[in-house]
Amino acid sequence: MADTESKREIHAVGTEESPQKAKRAKADNENGGEEIGNDPESENILSEFKTSSVLSDSAREKNIFIHGKLADREAVVILEKTPIREDSLAELFVGSKLSLQMRNDIYSTYRLQAPPQLNEIKATVVCPATEKHVKKYQRQESFLVEETGEDYQSITLPYIQKQSFSVQWVHNILEKKAEAEKIVYEDPEPEVGFVLLPDFKWDQKQVDDLYLIAIARQRDIRSLRDLTAEHLPLLQNIFQRGKEAILQRYKLPASKLRVYLHYQPSYYHLHVHFTKLGYDAPGCGVERAHLLADVIQNLQSDSRYYTSRTLYFPLRADDGLLGRFREAGRL
Ligand code: M7G
């Protein structure tokens, strides 16, 4: 049985976003490029897309990650069928075309063709995509790495200083050059302030798969490894005000939230993930997610906890960092 709360629709709790606007394709503004698809009715840039290969797909999750070219530039396109919303059921039943596939005793199956507005696909476009993006979305075997504090200094840090994704999109959000209209909450204070907004993985149509990120205003904290007790006011502020803002906007109490940091993250600018408990968000497993509540407590008992502890995380087979751990004889 679906609990009523998880089926609550976003427009019922009042966001300014029109459903169409929320659905638009987003560009990864990675290289400081323009934001694509800012109008509710964007031109169909994907009509020019030339597929090179399918990086991964899942019949169960109903998504597909495709590598290809958009106007001669490397691109990754992610297509994902969106959940069926309870508030659209009446329209779906009345407005669809139904054709019988089989009938047997009390059982029958149909092909249901829903009205176009109820049959959308979320499309995410990364263009121009780097080779690292292509690898990120490629299905691959993973290996668990054990990283001591010294390994971080000698292997990981030099690697991420040279090889990590651009965080231009993060700066664009902090400077209100992109996604400004999507901000759910912001605290302008430079030391403890942050911006809370929907993660681009979330289509914001239902709280069932709620996913927001809080981005710290401080720009020099790369990840969990850089955190010390000095950052406690920032972390506590994100935790407290983030939860309050989500309660106010989405009517979801703290007891329904999973609030965590990734280690390793993809983007080395401190951010915190807020997802709905019960939603199996990508990357929420124990090998990558660190609950913010635990992080705060660990730092309260030992300011150097994350500087010195051995941390474990998965790396994909062709990740350059995995190669560095192998070369150093750490795998
Ligand atoms: P992460 O742990 O660094 O990387 O989290 P992950 O993608 O491997 O989880 C970064 C988070 O930011 C992810 O949840 C992304 O979906 C999200 N994200 C990435 N980009 C490029 C954007 C963006 O342009 N806008 C928004 N709103 N979210 C993004």
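Start with disulfides: the structure holds zero of them. A disulfide here is a pair of cysteine sulfur atoms within 2.5 Å. In general, such a link is a covalent bond between the sulfur atoms of two cysteines. This is a predicted model, in which local features need pLDDT of at least 70 and side-chain atom pairs count only at pLDDT 80 or more, while totals for chains, interfaces and linings use all residues. Residues are numbered from 1 along each chain as its sequence is written, and side-chain values use heavy atoms, with hydrogens and water left out.

Select Cys127. Its relative accessibility is 9%, so Cys127 counts as buried. The cut-offs are these: buried is under 20% relative accessible area, exposed is over 50%, and partly exposed is in between (1.4 Å probe, protein chains only). Now select Cys284. Cys284 is buried because its relative accessible area is 17%.

**Two cis peptide bonds**

A cis peptide bond joins Cys127 and Pro128, with omega about 0 degrees. Pro128 sits in the loop between β7 (121-126) and α3 (131-137). Helices (H or I, at least four residues) and strands (E, at least two) are DSSP runs, numbered from the N terminus.

Next, select Tyr263 and Gln264. They too are joined by a cis peptide bond, and omega is about -10 degrees. Which loop holds Gln264? Gln264 is in the loop between β12 (257-262) and β13 (271-276).

**Two positive phi values**

Move to Ala71, in the loop between β3 (63-70) and β4 (73-81). Phi of Ala71 is positive, near 45 degrees, and the residue is not glycine. Is Ala71 buried or exposed? At 64% relative accessibility, Ala71 counts as exposed.

Step on to Asp72, also placed in the loop between β3 and β4. Asp72 has a phi near 70 degrees, again positive in a residue other than glycine. Asp72 has 72% relative accessibility, so it counts as exposed.

**Confidence**

Finally, colour the chain by pLDDT, the predictor's confidence in each residue, from 0 to 100. The protein chain averages 89, and 88% of the residues score at least 70. Select residues 1-8: pLDDT there is below 50, and the stretch has 16 contacts in the model beyond near neighbours in sequence. Contact means heavy atoms within 4.5 Å. Then select residues 11-38. Here pLDDT stays under 50, and the model has 68 contacts beyond four places in sequence. Where pLDDT is low, the predicted coordinates should not be read in detail.
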